[in-house]
Amino acid sequence: MLFFSYFKDLVGREVTVELKNDLAIQGTLHSVDQYLNIKLENTRVVDQEKYPHMLSVRNCFIRGSVVRYVQLPPDGVDVDLLHDATRREARGG
């Protein structure tokens, strides 16, 4: 639940999602659920030459099980908050 609550705070921010098939998509985070399924708006493909068929996709839903990485905006990471939340979750509460 730690990551779910963290990603909920990033709704409306620009993120890059790299999938397990090496496709990387940038877009505005519209929503995320408890399974870390992600909905992006105003999307664009990072490597447009490799994936030209994806140029017309503007909104997408990404199943959480196919996500390799989510790159967050540098100003969107509050390291102290993450450390505290990780410690609380490790203690069980």
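Two strands pair if DSSP finds at least two bridges between them. The legends below use this meaning throughout, and the model they describe is predicted.

**View 1. The five-stranded sheet.** Five strands form an open sheet, in the order E4-E3-E2-E1-E5. The pairing is antiparallel. E4 and strand E5 (67-71) are the edge strands, and each of them pairs on one side only. From one strand to the next, the twist averages 40°.

**View 2. E2 beside E3.** E2 and E3 run antiparallel and are joined by six bridges. Val32 has Ile38, in E3, as its bridge partner.

**View 3. The hairpin of E1 and E2.** E1 and E2 form a hairpin, with four residues lying between the two strands. In the turn, Asp22 has a positive phi of about 75°. The two strands run antiparallel, and five bridges join E1 to E2. Across this pair, Val17 stands opposite Ile25 in E2.

View 4. The bridge partner of Thr16 is Gln71, in E5. E5 is an edge strand and pairs on one side only.

**View 5. Glu18 in E1.** Glu18 is found in strand E1, which covers residues 14-19. Is Glu18 buried or exposed? Buried means under 20% relative accessible area, and Glu18 has a relative accessible area of 18%, so Glu18 is buried. Leaving aside neighbours within four places in sequence, Glu18 is in contact with Leu23, Ala24, Val67, Arg68, Tyr69 and Gln71.

**View 6. The largest nonpolar core.** The largest nonpolar core has 19 residues. Which residues have the most contacts inside this core? They are Val17, Leu19, Leu23, Ile25, Ile38, Leu40 and Ile62. The elements that give two or more residues to the core are helix H1 (2-8), E1, strand E2 (24-32), strand E3 (38-45) and strand E4 (59-62).

**View 7. Leu19 and its contacts.** Leu19 is one of the residues with the most contacts inside the largest nonpolar core. When neighbours within four places in sequence are left aside, Leu19 is in contact with Ile25, Ile62, Val66, Val67 and Arg68.

Key:
Residues numbered from 1 in each chain as written. Predicted model: local features only at pLDDT ≥ 70, side-chain atom pairs only at ≥ 80, totals over all residues. Heavy atoms only, no water. Buried < 20%, exposed > 50% of the residue type's maximum accessible area, 1.4 Å probe, protein only. Contact = heavy atoms within 4.5 Å. Core = buried A, V, L, I, M, F, W, Y, C linked by side-chain atoms within 4.5 Å. Axes fitted to C-alpha atoms, helices over the stretch in contact; angles between N-to-C directions.
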